[in-house]
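These are my notes from a first look through a structure. I went through the interface, the cores, the salt bridges and some backbone angles in turn.

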Amino acid sequence: MRALLSILWKDLLLEIRTKETVTPVLVFALLVVVIFDFALEPRRDLIVTVAPGVLWASITFAGVLGLSRTFTLEQERGGLQGLMLAPIGREVIYLGKFLSSFIFMLAVEAAILPVFSAIFNLPFFLPQVWVQAILATLGYAAVGTVFAAMSLNTRARDIMLPVLFFPIVVPVLMAAVEGTSAALRGESWSGALRWIQLTAAFDIIFTVLGAMTFGLVLKE
Amino acid sequence: MLSYLIVLGGALMVANLFLSLVWSPPDVNLTEGVRIFYFHAPVAWVSFLAFFIVFVASILYLTRKEQRWDLLANASAEIGVLFATLMLISGSLFARIAWNVWWTWDPRLTTALILWFIYVGYLMLRAYAPQGAQGARYAAVLGIIGFVDVPIVYFSVRLRTLHPRPIGTGGAEADTFNLASPEMVITLVLSVLTFTLLFAALLWLRYRMKEVEEATERIRRDYA
């Protein structure tokens with residue numbers, strides 16, 4: 001547990017000092033939102049219907065970018081070597097990286113949501129949306145951490161990570177979009193509940209699978 | 001053994017073509033179009049079987065560390081992607097006749113497409129990952145994660161299609177046709193059997209080819 005916290009603390013401290021992950025990812029996510037806004041400009045009337053999709057597409061694209069950073073930073077500075085030499089289980093490293101990715105992505109989402117609400121003039125500050133966002137981000141981080149470690153030693157890694165990541169997280173994306181739509185339509189919790197359950201099930205399955213397989217991916 | 005399999009499979013394939021294209025009667029609604037089904041269903045079955053084998057072989061490779069499981073997973077994934085591609089193409093033709101559209105986002109179709117993407121990604125990972133044991137482990141991990149994901153994808157799309165469907169694109173339930181006559185059932189059973197044999201023969205060949213590739217690679221390393 002202490003090892004887990006120190007990995008998390010190390011990543012957070014590094015991020016607070018350098019801001020090398022959250023800042024570029026946030027700018028990228030905002031750009032995607034703006035590009036969608038330009039692309040949809042001719043059909044203003046459709047915005048309410050497509051806004052949840054736009055939001056989650058932006059978060060997904062930005063997320064994959066952020067995930068690819070989690071391990072390249074480690075590799076560039078030899079940090080991964082140190083982590084692997086440390087007398088801790090590989091699943092602890094996994095959970096540490098998983099949590100730090102989760103926090104970075106959540107920070108980006110927290111910054112995007114108000115901007116998004118303003119640009120599209122929609123009330124995104126709903127508790128259902130937040131619960132959905134937290135669960136979906138957990139799922140992204142659970143799958144993404146394994147694939148990011150995998151693509152580290154793979155040729156064409158910039159393409160390989162999204163190619164592996166997107167098909168697997170389709171259920172999470174779908175649930176997030178549907179849950180957000182239900183909330184925007186003013187439905188109560190019951191409308192979003194089945195999507196929340198689905199995402200929670202996904203999170204549990206893939207966090208366990210991730211912790212089990214991560215050591216095999218990392219092994220030299 | 002393999003040559004028997006190929007001869008038997010070849011003979012069955014000829015019989016299967018006759019049964020599915022000539023002998024079996026046309027459907028009441030789909031008329032002659034129903035014949036696509038005798039190709040589509042077995043091809044879909046084989047691709048799922050192939051990916052299931054990838055899943056099992058991946059687990060065995062990670063637990064036992066024997067290279068043959070890695071070769072088997074690799075061979076099965078290649079053939080699985082081939083059959084999944086045929087499944088999507090033949091399914092699209094069948095959908096055009098049955099539902100009057102080339103494509104609809106029904107749970108089964110969507111799952112099939114995502115399945116295809118996952119295993120195309122698997123083959124790409126095979127090509128780009130580091131050679132040797134590390135790349136094999138990467139592939140095995142994806143072989144497990146990918147297979148576990150498929151039912152979740154199916155379930156999530158089904159949850160979504162509780163919404164009303166657009167007219168004309170129909171759901172699977174609405175347009176299910178019945179294999180009305182015993183001839184149709186016999187034809188379907190035979191074609192599933194035939195394509196399973198074809199898959200077994202292809203898998204065997206591809207597996208042996210991989211073994212030979214590995215052996216030549218070892219020899220080359222020894223002499224280098």
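**Entry 1: the interface**

I began with buried area, which is the accessible area (1.4 Å probe) that two parts lose on being put together, summed over both. The size of an interface is often given in this way, as the accessible area lost when the parts come together. For chain A and chain B the buried area is about 2,800 Å², and carbon and sulfur atoms give 75% of that.

I noted the basis of these values. The model is predicted, so local features need pLDDT of at least 70 and side-chain atom pairs count only at pLDDT 80 or more, while totals for chains, interfaces and linings use all residues. Residues are numbered from 1 along each chain as its sequence is written, chains are lettered from A and ligands numbered from 1 in the order in which they are written, and side-chain values use heavy atoms, with hydrogens and water left out.

Next I looked up contacts, meaning heavy atoms within 4.5 Å. On chain A, 30 residues are in contact with 31 residues of chain B.

I asked which elements of chain A give two or more residues to the side that touches chain B. They are α6 (127-152), α7 (157-168), α8 (170-184) and α9 (189-218) of chain A. Helices here are DSSP runs (H or I, at least four residues), as are strands (E, at least two), and they are numbered from the N terminus. α9(A) gives the most to this side, with 10 residues. By residue class the side of chain A that touches chain B has 21 nonpolar, 3 polar and 6 charged residues. In this count Ala, Val, Leu, Ile, Met, Phe, Trp, Tyr, Cys and Pro are nonpolar, Asp, Glu, Lys and Arg are charged, and the others, Gly among them, are polar.

**Entry 2: the cores**

I took a nonpolar core as a set of buried Ala, Val, Leu, Ile, Met, Phe, Trp, Tyr and Cys residues joined through side-chain atoms within 4.5 Å. Buried means under 20% relative accessible area, exposed over 50%, and partly exposed in between (1.4 Å probe, protein chains only).

The largest nonpolar core has 116 residues, and Phe116(A), Phe124(A), Phe147(A), Met150(A) and Phe206(A) touch the most other members. A second, separate core has 8 residues, including Leu30(B), Val34(B), Phe37(B) and Phe94(B). I followed up Phe124(A): leaving aside neighbours within four places in sequence, its contacts include Ala51(A), Leu55(A), Phe116(A), Val129(A) and Leu184(A).

**Entry 3: salt bridges**

I counted 7 salt bridges over all chains. In one of them Lys97(A) pairs with Asp11(A), the closest N and O atoms being 3.0 Å apart. Lys97(A) is in helix α5 (residues 90-120) and Asp11(A) in helix α1 (residues 2-18) of chain A, 86 residues apart. Lys97(A) is buried at 2% relative accessible area, and Asp11(A) is buried at 5%. Lys10(A) is linked with Asp11(A) and Lys97(A) in a network of salt bridges.

In chain B, Arg126(B) meets Asp70(B) at 2.8 Å, N to O. Arg126(B) lies in helix α4 and Asp70(B) in helix α3, 56 residues apart. Arg126(B) is buried at 19%, and Asp70(B) is buried at 10%. Beyond four places in sequence, Asp70(B) is in contact with Tyr61(B), Arg126(B) and Ala136(B).

Glu217(B) and Arg220(B) also pair, at 2.6 Å between the closest N and O atoms. Both lie in helix α6 (residues 182-223) of chain B, 3 residues apart, about one turn of the helix. Glu217(B) is partly exposed at 29%, whereas Arg220(B) is exposed at 56%.

**Entry 4: backbone angles**

Lys65(B) is not a glycine, yet has a positive phi of about 60 degrees. I found Lys65(B) in the loop between α2 (37-64) and α3 (67-98) of chain B, partly exposed at 47%. Asn100(B), also not a glycine, has a positive phi of about 70 degrees. Asn100(B) sits in the loop between α3 and α4 (107-128) of chain B and is exposed at 57%.

Definitions and conventions
Salt bridge = Lys/Arg side-chain N within 4 Å of Asp/Glu carboxyl O.
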